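Trainee: I should like to learn how to read the features of a structure. May we go through one together?

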Amino acid sequence: MVDGVRKAFRRPHHQTHTLKERALHPLRRIGHDEFLAVDDVSFSVEEGEFFGIVGRNGSGKSTLLKMLAGIYGHDAGDIWLRGRLSTFIELGVGFNPDLGARDNVMLNAIMLGLTPSMARSRYDAVIDFAELREFEEVKLKNYSSGMHVRLAFSVMIQVDADVLLIDEVLAVGDAAFQQKCFDQFNRLRDEGRTMILVTHDMGAVKRFCDRAMLMERGRTIELGEPERVGAHYLDVNFSGDRAASVAQIGAGADDLSRQGDGRARIERMWVEDDQGEPRMLIQRGDTVVVRFEISFAEDMAEPSVGLVVEDDHHRPVFAGNSIWVARPVGNFKAGDLVEATVSFENVLASGRYTVTPYVASRGSADLEFADRRKDFGSFVSAGPNDTGAITVLDHDVVVRTVGTDSSPNLRTGATS
Amino acid sequence: MSTETTDVPERVETPEVKDAVERIKAAGGQRIPGPGAFVGTVRRMANLTWTLGFLEFRLKFFGAVLGYLWQLVRPAMFFGVYYVLFTEIVPVSRDVKYFAPLLLFGIMMYQFFGDATGGAVRAVPAAEGLVRKIHFPRIVIPVSVVLTALLNLAVNLVAVLVFIALSQVPLRWSWLEFFPVLAMLTVFVLGLSLLLSALFVRFRDIAPIWEVVSLALFYGTPILYPIDTIDSRGLQQVVMCNPLAVMQQQMRHSIFDPSADSAVQAIGGWTMMLIPLGMTVGTFVLGLWVYSRIAPHVAEEL
């Protein structure tokens with residue numbers, strides 16, 4: 001249970017790290033900024049709950065975890081805890097590189113609160129779980145980073161803590177080890193342990209966590225269902241890009257990604273939801289509305305207006321065009337300013353998509369572009385149950401029994 | 001998707017919060033106090049200190065082939081140089097009874113002092129991996145350094161004992177006086193180690209400063225020369241205020257030569273003796289205080 005925790009780091013303007021400096025400038029005040037790494041965060045985690053903390057880099061989640069672990073003090077608020085903690089912070093616990101696995105395991109187990117005799121009896125389990133039996137005698141400095149993490153993780157889960165604090169364990173290790181971590185997470189959950197997981201991996205949060213919390217600039221901005229927190233996280237993650245793309249559009253400079261003879265110009269583009277609200281993030285199943293403004297420099301009759309949507313691997317996933325929908329768009333004179341709207345249903349997998357709008361005239365063979373702005377804007381699709389495919393479409397699977405395979409001969413072609 | 005939840009309302013002690021705290025308390029939960037010099041039980045602190053101290057000792061001792069021999073080579077070489085220097089070239093110690101084992105004893109005691117305080121200076125940054133990742137009583141760090149130095153001393157004293165036996169120093173009950181004096185010296189060394197390791201976190205030039213100071217302390221201790229080499233009685237008394245000098249002088253009296261002045265006689269009576277005793281206690285208390293002040297912040301300041 002965490003209530004109103006706040007942590008300020010003082011960032012000195014310049015560090016006074018020596019007595020000499022103190023002696024030479026005894027009267028100089030050391031100026032410093034206050035930096036609120038964690039600002040008034042409150043939440044409570046029930047016993048046996050799996051709680052995720054997500055946020056961008058620098059959002060204060062690791063600092064919060066360190067305060068929970070008792071490594072950093074807090075400036076305000078209260079933290080209450082029942083039971084013993086085990087921590088896995090910043091890629092493993094502190095190992096002594098000159099000692100072998102056995103001594104390091106003992107040291108860390110005792111550090112985490114076991115008695116020496118308990119630590120000795122756990123040693124075999126730890127080394128077996130880490131699959132490092134054959135490297136038992138090797139000094140830690142000769143271990144690979146993956147071996148380090150494996151050892152640290154196995155120490156952590158073997159100390160029988162009631163509450164486990166885990167920071168970014170999934171960022172390292174190969175697929176097999178990650179799978180092992182997941183299996184352990186499941187086991188610990190079944191045993192009713194409480195777990196607080198700090199991660200960037202929304203997949204893991206959605207898969208394991210009962211609840212999650214999203215932090216941004218030291219504050220809680222979302223707390224609750226992992227699905228909702230995950231969607232909000234994507235939104236926060238890409239909101240910086242929105243500001244950037246607006247700036248880019250405002251600049252209006254000719255850039256290399258622009259193609260066309262200039263008979264018309266696409267000046268502004270934005271993405272909205274079906275309520276007309278500008279959005280960066282569109283939930284899957286909702287309608288994506290792309291609007292852009294075209295100003296004509298010359299007369300154009302029945303131009304072709306359309307766009308191409310590409311995923312982050314630059315694969316076109318959707319293309320739309322006024323010709324294909326067979327709707328006359330009209331004739332325009334030089335100086336006309338028009339707004340084009342393209343709307344389509346979002347069936348796209350979670351991720352970021354770029355939009356390339358264009359205005360063209362129908363040429364003899366192909367489109368003759370008046371203006372085509374490659375990757376002019378983007379939006380983010382988010383939704384539950386990603387399948388790994390590019391699109392997520394409504395579908396139906398029916399399995400029904402059509403007969404009973406009673407005779408083994410059936411398979412060889414015999415008819416019943 | 002909406003972002004209007006960004007504004008967190010001001011914190012108020014709601015009944016739900018109180019209720020939750022009460023429930024945790026009732027279930028035997030505790031408030032997390034944050035890091036400190038003394039968190040957790042004494043037993044855990046003792047376990048940790050022993051584990052850390054002993055591992056470090058074993059690393060030094062068995063870390064290299066001939067570990068024990070290497071540990072003896074350095075003091076033995078110093079011993080050789082000093083012995084020739086102060087009995088032949090500057091013969092101030094020629095008439096000191098059993099000077100050879102006394103000198104070796106002095107070098108070993110000073111080595112203990114230097115190992116402990118010198119190691120403690122950089123102990124906190126050296127344990128950074130632990131400090132930044134695990135919650136444990138921070139006092140364990142400097143104390144384990146002193147423990148390692150004590151274990152080293154125990155091994156070194158075996159060599160001194162061999163040397164004493166070879167020199168045929170007669171066995172006396174008064175040899176046992178070594179232990180209370182060692183206890184006093186250890187308290188002094190502990191205090192210094194706490195103080196130095198805490199100060200180093202804030203002031204990185206403590207390390208070179210301490211190297212010079214401890215070298216001065218070596219020459220300011222009557223190890224290479226007998227105390228009565230100093231002409232001025234007042235200066236003799238000043239020299240004797242150093243707890244290391246008390247150890248050296250007292251052991252010269254109790255182990256090697258009962259006719260030499262005891263520490264109390266050399267400093268000029270029991271009243272004067274309160275100065276080194278007071279320094280010992282004072283350093284210890286100061287060290288504890290400074291260390292416990294700095295301990296909660298070390299993880300952030302490294």
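Trainee: Over residues 178-201 of chain B, what percentage of the chain is helix, and how far apart are the end C-alpha atoms?

Mentor: This is a predicted model, in which local features need pLDDT of at least 70, side-chain atom pairs count only at pLDDT 80 or more, and totals for chains, interfaces and linings use all residues. Residues are numbered from 1 along each chain as its sequence is written, while chains are lettered from A and ligands numbered from 1 in the order in which they are written. Helices (H or I, at least four residues) and strands (E, at least two) are DSSP runs, numbered from the N terminus. Residues 178-201 of chain B are 100% helix and 0% strand, with end C-alpha atoms 34 Å apart.

Trainee: For which residues of chain B does UniProt list "transmembrane region"?

Mentor: The unreviewed UniProt entry lists several, including residues 98-118 and 178-201 of chain B. UniProt positions are given in the numbering used here, feature names are shortened, and annotations may be inferred rather than shown by experiment. In the model, residues 98-118 of chain B are 95% helix and 0% strand, and their end C-alpha atoms lie 30 Å apart.

Trainee: Why does the span of helix H6 of chain A agree with its number of residues?

Mentor: The expected span of a helix is 1.5 Å times one less than its number of residues. Helix H6 of chain A (residues 175-190) has 16 residues and should therefore span 22 Å; its end C-alpha atoms are 23 Å apart, which agrees. After H6(A) comes A:Gly192, with a positive phi near 80 degrees.

Trainee: Is B:Gln168 buried or exposed?

Mentor: A residue is buried if 20 or more other C-beta atoms lie within 10 Å of its own, exposed if 12 or fewer, and partly exposed in between, with C-beta atoms placed from the backbone. B:Gln168 is exposed because 9 other C-beta atoms lie within 10 Å. A:Glu302 has 14 such atoms and is therefore partly exposed.

Trainee: Why does B:Ala295 count as buried?

Mentor: B:Ala295 is buried because 25 other C-beta atoms lie within 10 Å. This residue lies in the loop between helix H13 (270-294) and helix H14 (298-301) of chain B. Two residues are in contact if their C-beta atoms, placed from the backbone, lie within 7 Å. Leaving aside neighbours within four places in sequence, the contacts of B:Ala295 include B:Pro35 and B:Arg138. B:Ala295 and B:Val201 are 94 residues apart in sequence, and their C-alpha atoms are 9.7 Å apart.

Trainee: In what order do the three strands of the open sheet in chain A lie?

Mentor: Two strands pair if DSSP finds at least two bridges between them. The order is E11-E13-E18 in chain A, with antiparallel pairing. Strand E11 (264-272) and strand E18 (337-345) of chain A are the edge strands, each pairing on one side only. Nine bridges join strand E13 (residues 287-296) of chain A to E18(A); A:Val290 has A:Val342 as its bridge partner in E18(A).
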